[in-house]
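Open your viewer and switch to cartoon view. Keep the selection tool at hand.

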Amino acid sequence: AQVNENGYTSEIIGRVRVQVLSPTVVRLEEQGPEGFEDRETFHIANRDNWEGTGVTREDVDGSVILRTSAFDITVPADAQDITGIHFRQRGQPPVEI
């Protein structure tokens with residue numbers, strides 16, 4: 001997984017950006033007509049100040065799996081939007097967006 005200059009993982013998968021800001025906070029963003037939004041947003045304040053967490057990336061059968069110590073995020077490799085993204089907390093069934 002790619003760690004950006006702010007210290008957290010930021011992966012672009014198809015037209016979706018996945019930012020793992022901490023062990024318990026993940027930000028999903030669909031690419032807009034002018035790209036991804038890097039300005040300050042209401043939903044995730046001070047995005048540049050989050051500590052991040054260890055993330056590994058695995059490409060499996062047309063999907064990308066981002067793994068942290070607490071959960072897995074499975075994203076279709078050709079994602080056009082956030083439909084079909086699954087979150088799975090360790091020991092729990094997956095939740096689909």
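The tour below goes from the whole chain to single residues.

**Stop 1: the whole chain**

Remember as you look around that this is a predicted model. Select the entire protein chain. There are 8 strands and 0 helices. Walk from the N terminus and the elements read β-β-β-β-β-β-β-β. Now show the surface. Of the 97 residues, 35% count as buried. Contacts tell you about the fold too. Take those between residues at least 6 apart in sequence: 35% of them join residues at least 24 apart.

**Stop 2**

Hide the surface and go back to the cartoon. Which strands form the open sheet, and in what order? Follow 4-5-6-7-8: these 5 strands form it, with antiparallel pairing. Strand 4 and strand 8 (95–96) are the edge strands, since each pairs on one side only.

- Select strand 5 and strand 6. They pair in the antiparallel sense over 5 bridges. Together they form a hairpin, with 3 residues between them. Look for isoleucine 65: its bridge partner in strand 6 is threonine 74.
- Move to strand 6 and strand 7. This antiparallel pair has 4 bridges. Aspartate 72 has arginine 88 in strand 7 as its bridge partner.
- Finish with strand 7 and strand 8. Here the antiparallel pairing runs over 2 bridges. Find histidine 86, which stands opposite glutamate 96 in strand 8.

**Stop 3: a loop residue**

Where does aspartate 61 lie? Select the loop between strand 4 (56–60) and strand 5 (63–67), and you will find aspartate 61 there. Check its backbone. Phi of aspartate 61 is near 45°, a positive value in a residue other than glycine. Is aspartate 61 buried or exposed? Its relative accessibility is 80%, so aspartate 61 counts as exposed, the cut-off being over 50%.

**Stop 4: the aromatic pair**

Next, show the aromatic rings. The count comes to 1 aromatic pair. Select phenylalanine 71 and phenylalanine 87: their ring centres are 6.5 Å apart and their planes are at 50°, so the pair is tilted.

Now see what the pair links. Phenylalanine 71 sits in strand 6 (residues 71–76) and phenylalanine 87 in strand 7 (residues 86–89), so the pair ties together parts 16 residues apart in sequence. Colour the two by accessibility. Phenylalanine 71 is buried, at 10% relative accessible area. Phenylalanine 87 is at 22% and counts as partly exposed. The cut-off for buried is under 20%.

**Stop 5: the nonpolar core**

You now have the largest nonpolar core, 12 residues in all. Which elements give two or more residues to this core? They are strand 2 (16–22), strand 5 and strand 6.

End on one core member, valine 18. Show its contacts, leaving out residues up to four places away in sequence. Valine 18 touches Thr9, Ser10, Glu11, Ile13, Val26, Arg27, Leu28, Leu66, Ile73 and Val75.

Methods. Residues are numbered from 1 along each chain as its sequence is written. This is a predicted model: local features need pLDDT of at least 70, side-chain atom pairs count only at pLDDT 80 or more; totals for chains, interfaces and linings use all residues. Side-chain values use heavy atoms; hydrogens and water are left out. Buried means under 20% relative accessible area, exposed over 50%, partly exposed in between (1.4 Å probe, protein chains only). Contact means heavy atoms within 4.5 Å. Rings of Phe, Tyr and Trp (its six-membered ring) pair if their centres lie within 6.5 Å; planes under 30 degrees apart count as stacked, over 60 as edge-to-face and the rest as tilted. A nonpolar core is a set of buried Ala, Val, Leu, Ile, Met, Phe, Trp, Tyr and Cys residues joined through side-chain atoms within 4.5 Å. Two strands pair if DSSP finds at least two bridges between them.
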